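Q: I am new to this structure. Please give me a close look at the contact between the chains, then at the parts behind it.

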Amino acid sequence: MNKVKIALLALVAVLLVVQIIDRSREPAQMRELKQSIDRLNATIAHAPVTLRAAADPVLGSGQPVDDHETPVPPPTLTAPRDGQPKLGMNFLIPVDRSTFHPAWQGGTLRVFNASPKGLNPLTDNSAIKGQVYALCHDSLCDRQAATPEAWSESLAESVIISDDYLTYTFVLRKGVMWQRPILAKQPAYAWLDRDVELTADDFKFAMDMTMDPNVDCPSLRNYYEDFASAEVVDRSTFRMRWKRRVYTSLSASLGLSPIPRHIYGRNADGSEIPGATLGVVFNKHWFDEQNGVVGVGAYRLEEYRNDERMVFQRNPAYWGVPLHFERIEWNLQVKQDDPQLIAFKNGQVHSHGLTPLKYKSEILDHAEKRFIAIDPADAKAGRKGELGWERVKGMSFSYIGWNMRKPPFDDRRVRQAMSHAFPKQRLIDDVFFGLGLPVLSDVLLDSQYCNHDLKPYAFDLERAKALLAEAGWSDGDGDGLLDRMIGGERKPFTFEVKYFANSPEWDNTLAIYRKELQKLGIDMKPVPFEFKELMRIYEDKDFQAVVGGWQMDWDIDYFQLWHSSQVELQGSSNHCGFANKRVDELADKLRLTFTVPERVAIAKEIQAIIHEEQPYTFFRSNVGIFVWQNRPALGQPAPAERYLAGVIKGLDSFHPLVNRTRTFWHFRK
Amino acid sequence: MFAYIVRRLLLMIPTMLGILIINFLVLRMQSPSLVEQAQAGGSGKGGEGVSSERKAGGASKQYANHIDRFRRLGNDLPAVVNLRGFLDKDDVVAWLRRTSPAAGRTDSQRSTAEQDLWLAGHYAVGPLSDVLADPALADLYGPASQAFALCAHTSLVPADQRDPIRVNVVRTRNQVLAQNVIGYRSDRLQGFVTDDSRAEAKRQALLAVYADPANRVDYAASGGQRWRSILFETGFSTFLTRLFTGTLVSESRPNQYVFSIIADHWKLTFCLNILSIALAWGFSIPLGIRSARRLNTLEDRATTNLLFLLWSLPSFFIGTVLLHHFCTDSVKDGVLQPAWFPNAGLSSAGSLWYSTPRYLLDLAWHGALPLLVLSYASFTSLSRYMRGNLLDQFEADYVRTARAKGASEDGIVYRHALRNSLLTMITLGAGLLAELFSGVLIVELIFSIPGLGWLLLDAAKQQDAPLLMGSTVISVGLLLIGILVADILYAVVDPRLRSRYA
């Protein structure tokens, strides 16, 4: 009897559970249905536009439509529209539609990404937010990745710079519409559900918000220190005025993105916000609280489920050259390295990046047979496998910094000796498995500003010994350690290098370096610190030697890192105490120079001086491994939306890897 | 009994408060300072991951924005006790001198002192204006004016847009304050050196702001307000107020309430936890009973050894091994071998449209491996506890009596011995309620399940104090309730203890 009762109870419990699960899935199903209906409606509404675009002939290169991989030769640019800034005439490169082929359009691209912390265009600063706006939004002018000095048309059809780089006048493209946000579908926000044209007023609003002291974007405002005023001349003409002629005004003006006044200038019920409190409300705007993103770009943010995924849908009304994908999905759910790699191998994402350790196990040791094994004769052998892999250059570099304010590193010869004793290439080969390029300065190796004439500090212990002897270091008391008389006392050459904890690469690097220094008679102690502690160490300049890294940028500015005025400033980036009058002069001059050959000359001279002084022993710029779903096994058909074509074309046409490489990607049919 | 329960419930309140205060203090010590935020070059907290690369952005001199942010989050107030209402001129002078460069004082100590002064708010405005009015303290005019401008800076909130007159007044006043900060340099030998040709005019302008009776409303405080501020204008009291009015907002996800974030992530964790508890207890208790009944047989010894072997295998290792072997597609002789189990999450992509039985099967398929990894470690401990308890009971005299009476072995075990060994199991079960709430980080990371463990780890990394405090409140509350329930159950189960509670 008992057993029967228990069985009945169990059955009832199971039925209850099934009912609860059923009920709980209903709202989610309703939501999905509604979204697909909206999507269908949107497609139908814009169908005439899509068909028209398909009927347009493909402009430009005259290459065969089914050519997936031949790299694209750089377009020939004719003056004056060659992208180089000039006074008094429009120099923007015209829009190039030759990369887009309607036949390749379609499919959903899946990649991994991290959750953005916030999506406000000004007050949130994460890299992910930048990627979201790169997909969904545009700026006045665009830059070619291979030639960052060359600006091309984007939202601005023309720009005239006048008054010796103090005034920028833009003529905007007409008929560009703001996207309708997903929120507009909710009845409470029905007032958002209309088409609004982009006008000069939106750019003025962006500048007003950036300069408003109540808006929480102090670091962005630094770039507009010399900004004077923004003016709406008429509906599609916008003018920016600067107080001083300074080079940063070029990228700050041409790279400006508009902010929709019809959304950020209003309350949630549609009423306008009084001018005085615009900035205050902007900080905590209801649109950001609903995770809204609206732009004028190629994709619309269609779905954002926190920690699950972000989905971008192609904007059929886009004015410019779209990517070939219909949808782009970011998987936010899988966060760890191992599960991500497994998901990539299972075909759940189309491209990924490998850390050096995974590169070693998967490719060097060939654990994954679908990668082509490494071939010393052919650097690009990885392109032929079912899973393609290739080395891609990154935009950051690492270094060991020496505190130039006190002994032993106040003497240039000692610093140069340290660089001679640093086995750079061996470290790159052994610790990072060859993933890394040795750098001699803080400028991107592919940039025209990079001084390639600098003579590297070769790994030469004899030379290092000679330099140290010149600087007065010798083994006076015969204990195997170098020493010197400092302030009347015999001090041994021993110092601490402070570095990032939780980094096995730095552990190994410093261990190898330590061994080399021991041969010279120098005792180096590597001491790991947590990130926060290390930031405090930078601030207090409380180190003899410290490890660090910087992001390299397209724009060169030597002020922050190397200007002597920053040496004693609290919280400055010049923590090594580098102060050189000539570099100060040149850095100030660089800020005011606009012609590229002159800029290059100045930058190269600065790099030469820094190279001579060695405040940092520059280490490596990082190189990552990019992997992607390349092609099916020989003889197998390609399932839909599984394998990417055009990846190699992108890698050959643009480097380092930036969003522009995706211009050629499409699914193999 | 009732009095006992009431007494226990009342005792929970100070326990809870004590735990929360300690947690709050520890979190406060971790949160980034004003200057750190200004250097981080943005409103993002901490760094992006553990990358060693930092964007070369200059240190921001625009502290007013950062102070606004601190005030919005309630981080400008001291943690537990607020004595700012009793600041006077001498305190402020001593404080200013602490921010000057001197031998033995590091830059970070100076900036911490500076930051604390700037966040002191309207209580410090009066004493600072006294400093500015005192000709004997002319060397301190520079830092005092900077502190005055920032303490007197009034932060606006979106709700203020309803009162446009006040907004204009405040904006003008803030602008006047920002424009009249006297420029100065800190020199290691000379201390503060004023570096400004318009210093006198600026000083008068700042004093005029304070002298204006219309502004006094914002800056002066009555005696009663000062006394109340000691305990009621603190970070902890702000936190408690927001907790009880349900307006506790997370710092890393500023558009969501803490409890709704936790609720979203808790559902998955709850399912996993309850199933793993059911599995662990459902498997271990019978196993323990069986082992006790067949003491020292081959089966018992083999089971013990096997369980200890399982126990010694760490769960992250087992999880990763299972993930690699059973969840990865592999290629053998050019043919793709699909994996046996899925590699992420608890549901498939199209699972929303499956029929409910298929959805449940899909859930079981996804959840099998995570569940296994979660529960296998508890098999050993629970079954050994059960076995040990039963063995103790078998030594007791009532069991001997029952055997002598001729009761069946089954009856002895299930009707007599088991009930007496419940006491220990109830003790173990006290933590169950709290365990339901805790996220299991390892399984969630390996199998990519967006549950509570990952949420709390992320909150800890981003120093999101409200989220961590909110989850502490819930887990501590559940733990205390669990302990109380366990104590009540003791009384229910064991008549000997009932009299103790009366």
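A: Start with some terms. Two strands pair if DSSP finds at least two bridges between them. Helices (H or I, at least four residues) and strands (E, at least two) are DSSP runs, numbered from the N terminus.

This is a predicted model, in which local features need pLDDT of at least 70 and side-chain atom pairs count only at pLDDT 80 or more, while totals for chains, interfaces and linings use all residues. Residues are numbered from 1 along each chain as its sequence is written, chains are lettered from A and ligands numbered from 1 in the order written, and side-chain values use heavy atoms, without hydrogens or water.

Now the contact itself. Chain B gives 73 residues and chain A gives 72, where contact means heavy atoms within 4.5 Å. About 6,400 Å² is buried between chain B and chain A, and carbon and sulfur atoms give 50% of that area. Buried area is the accessible area (1.4 Å probe) that two parts lose on being put together, summed over both.

Two salt bridges cross the interface of chain B and chain A. Each needs a side-chain nitrogen of Lys or Arg within 4 Å of a carboxyl oxygen of Asp or Glu. B:Arg69 and A:Asp216 form a salt bridge through their side chains, at 2.6 Å from N to O.

A polar contact is a pair of N or O atoms within 3.5 Å; within protein, one must be able to donate a hydrogen and the other to accept it, and residues adjacent in sequence count only if both atoms are side-chain atoms. Between chain B and chain A, 16 residue pairs are in polar contact, both at pLDDT 80 or more.

Several elements of chain B each supply at least two residues to the side that touches chain A, among them helix H3 (63-73), helix H5 (107-118) and helix H16 (356-395). H5(B) brings the largest share of that side, five residues. By class, the side of chain B that touches chain A holds 23 nonpolar, 36 polar and 14 charged residues. Here Ala, Val, Leu, Ile, Met, Phe, Trp, Tyr, Cys and Pro count as nonpolar, Asp, Glu, Lys and Arg as charged, and the others, Gly among them, as polar.

Next, a detail within chain B. Strand S2 (residues 184-187) and strand S3 (residues 191-194) of chain B run antiparallel, joined by four bridges. S2(B) and S3(B) make a hairpin, with three residues between them. B:Asp187 has B:Gly191 in S3(B) as its bridge partner.

Domain bounds come from an automatic or database domain assignment. For chain A it gives domain 1 (1-78), domain 2 (102-327), domain 3 (331-388 + 627-667) and domain 4 (394-623).

The C-alpha centres of domain 3 and domain 4 of chain A lie 35 Å apart. Seven residues from domain 3 of chain A and seven from domain 4 of chain A make their contact. These two domains of chain A bury about 720 Å² between them, 81% of it on carbon and sulfur atoms. Domain 3 and domain 4 of chain A share zero salt bridges.

Last, a backbone detail in chain A. A:Pro407 and A:Pro408 are joined by a cis peptide bond, with omega about 0°. A:Pro408 sits in the loop between strand S12 (387-402) and helix H11 (412-420) of chain A.
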